[in-house]
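Biologist: Please show me how to read a model of this kind, one feature at a time, with the general idea before the particular case.

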Protein chains: 2
Amino acid sequence: MSGRLTIVGLGPGDADLTTPAVTEALRAATDLIGYDTYLARVPDFGTEQHRHGSDNRYELDRARHALTLAAEGRHVAVVSGGDPGVFAMAAAVFEAVETGDPSWRDLDITVLPGVSAMLAAAAEAGAPLGGDFCVLSLSDNLKSWETIAKRLTAAAAGDFVIALYNPASKARPHQLGEAFDLLRQEKPPETPVLFARAAGSKDATLTVTTLGEADAGLADMRTLVIIGSKGTRLIPREGRRPLVYTARSEGEAR
Amino acid sequence: MSGRLTIVGLGPGDADLTTPAVTEALRAATDLIGYDTYLARVPDFGTEQHRHGSDNRYELDRARHALTLAAEGRHVAVVSGGDPGVFAMAAAVFEAVETGDPSWRDLDITVLPGVSAMLAAAAEAGAPLGGDFCVLSLSDNLKSWETIAKRLTAAAAGDFVIALYNPASKARPHQLGEAFDLLRQEKPPETPVLFARAAGSKDATLTVTTLGEADAGLADMRTLVIIGSKGTRLIPREGRRPLVYTARSEGEAR
């Protein structure tokens, strides 16, 4: 048989947020490759299917493994959470293609999109991404803190809403605090800040606070942080947390 | 019965990119409200269901109509394409809640995320959103061109990949050209530019070009435009269009 590689996103966590296209691609695969935590979310289809789980850190190794199997004629699904194109496996696979065996360019490679964490986080809160926004990974595994700081400053200069992926890990406990410190010099202290943990899953929690009071210690690896723009508003509600949305007309002089 | 309002995103076009959660919410609704084009994508569930179609322009009227019906005890689904929180109906509904009948704040309002157009467009191309990126609507219905220009400049200063929603319409034929002109002063002419039309649907087309050569006339209302960063690369392939991805390490000195 002729090899095939499909890079899929499971969505944020709940099984009913995985698209039927992704479920079908998973069912049809002979081999599943991904971080153990994501593979554990793939149902057992009752077919003979090889599962190649691995630690989260070795993305490029995993990508090369997937390409090698596809080149051998297997039907490989590379499994990400959320959307595979947003700080997930798709870029690693294409990096492996670019730098790897030239014959890999002839493979049939498909990306199937999914509901990314930022969309699930926004949906839990209301519509904080309702205006123009920027999306950054705070991980400095692959880029310098200088680059991250430059981008945070630019995002603040443009009065974008800012969604932060990978805000904290055990290896990087201080970066989110530094990001908040930087943004406090650029944005008003009353700017809404959201900590959405495990959004779109049964463990979801949401904290609504302000830039002035935001405690970076609230974030872990499963948290997505959203920092509002001038157009981001809170709608107070009786006995429930406020709704948060960004006005479509944000950024205008008021 | 007690009223309920669910704001759902159908995804980019293909039925198999609509999440099961959204399909179930649509099935359970007594009333569907949305732009005619999106309502036409909702299957007939064989239940008694009222469809309130409308022109695309009257988002706030549509939001108020939905809230009024929910306050009467109906189960209303507000239908968007893509994700409802990204330049779609969710922000309009919350704006209507904030400025409308105070009792609307007590309603049970839920947002169900979907696969947004940018994710589908990126998936067609490879992984152009694999690094940090900004997302802007080029429509100046609700914000000034001055605000848009300020944000484009900031996005370029931060060397973000830029995804442009609503790049052109009959009422605004010149804006994308002006955006390209502005970005040509900030970014190199060889910067990759993608025109993804109807991504994630059976009509999908993708054009890969450069900022130096990009023709704004290629965009219409169904097009999403992606402009690369310094880290965005093309992988040439024999007899097929190149793959496009943004390296995860983008922005570093090379």
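This is a predicted model: local features need pLDDT of at least 70, side-chain atom pairs count only at pLDDT 80 or more; totals for chains, interfaces and linings use all residues.

Biologist: Which strand of chain B is joined to β11(B) by three bridges, and in what sense do the two run?

Modeller: In general, the strands of a sheet pair through backbone hydrogen bonds, in either a parallel or an antiparallel sense. Here strand β8 (residues 161-165) of chain B is joined to β11(B) by three bridges, and the two run antiparallel; strand β9 (residues 192-197) of chain B also pairs with β11(B) in the antiparallel sense, over five bridges, and there B:F195 is the residue opposite B:V225. Strands (E, at least two residues) and helices (H or I, at least four) are DSSP runs numbered from the N terminus, and two strands pair if DSSP finds at least two bridges between them.

Biologist: How many residues of strand β11 of chain B are buried?

Modeller: A residue is buried if 20 or more other C-beta atoms, placed from the backbone, lie within 10 Å of its own, exposed if 12 or fewer do, and partly exposed in between. In strand β11 (residues 223-227) of chain B, five of the five residues are buried. In a regular strand the side chains alternate between the two faces of the sheet. Accordingly, B:T223, B:V225 and B:I227 point one way from β11(B), whereas B:L224 and B:I226 point the other way.

Biologist: Why is helix α5 of chain A described as largely enclosed by the rest of the structure?

Modeller: Nine of the nine residues of helix α5 (residues 117-125) of chain A are buried, so the helix is largely enclosed by the rest of the structure; among them are A:M118, A:L119 and A:E124. After α5(A) comes A:G126, whose phi is positive, near 140°.

Biologist: In what order do the five strands of the open sheet in chain A lie?

Modeller: The order is β3-β2-β4-β1-β5 (chain A), with parallel pairing, and the edge strands, β3 (50-54) and β5 (108-112) of chain A, each pair on one side only. Within this sheet, strand β2 (residues 31-35) of chain A runs parallel to strand β4 (residues 75-80) of chain A, joined by four bridges, and A:L32 faces A:A77 in β4(A). Helix α1 (residues 20-28) of chain A packs on the sheet, touching β1 (4-9), β2, β4 and β5 of chain A, and its direction makes about 140° with that of β1(A). Such angles run from 0 to 180 degrees between N-to-C directions, the axes being lines fitted to C-alpha atoms, for helices over the stretch in contact.

Biologist: How are chain A and chain B related by rotation and shift?

Modeller: Two copies of a chain are related by a rotation about an axis and a shift along it. Chain B superposes on chain A by a rotation of 180° with 0.0 Å of shift along its axis (RMSD 0.0 Å), which is the relation of a two-fold axis; the superposition is by least squares on the C-alpha atoms of residues with pLDDT of at least 70 in both copies. Of the residues of chain B, B:C134 comes closest to the rotation axis, at 2.0 Å (C-alpha).

Conventions:
Residues are numbered from 1 along each chain as its sequence is written. Chains are lettered from A and ligands numbered from 1 in the order in which they are written. Two residues are in contact if their C-beta atoms, placed from the backbone, lie within 7 Å.
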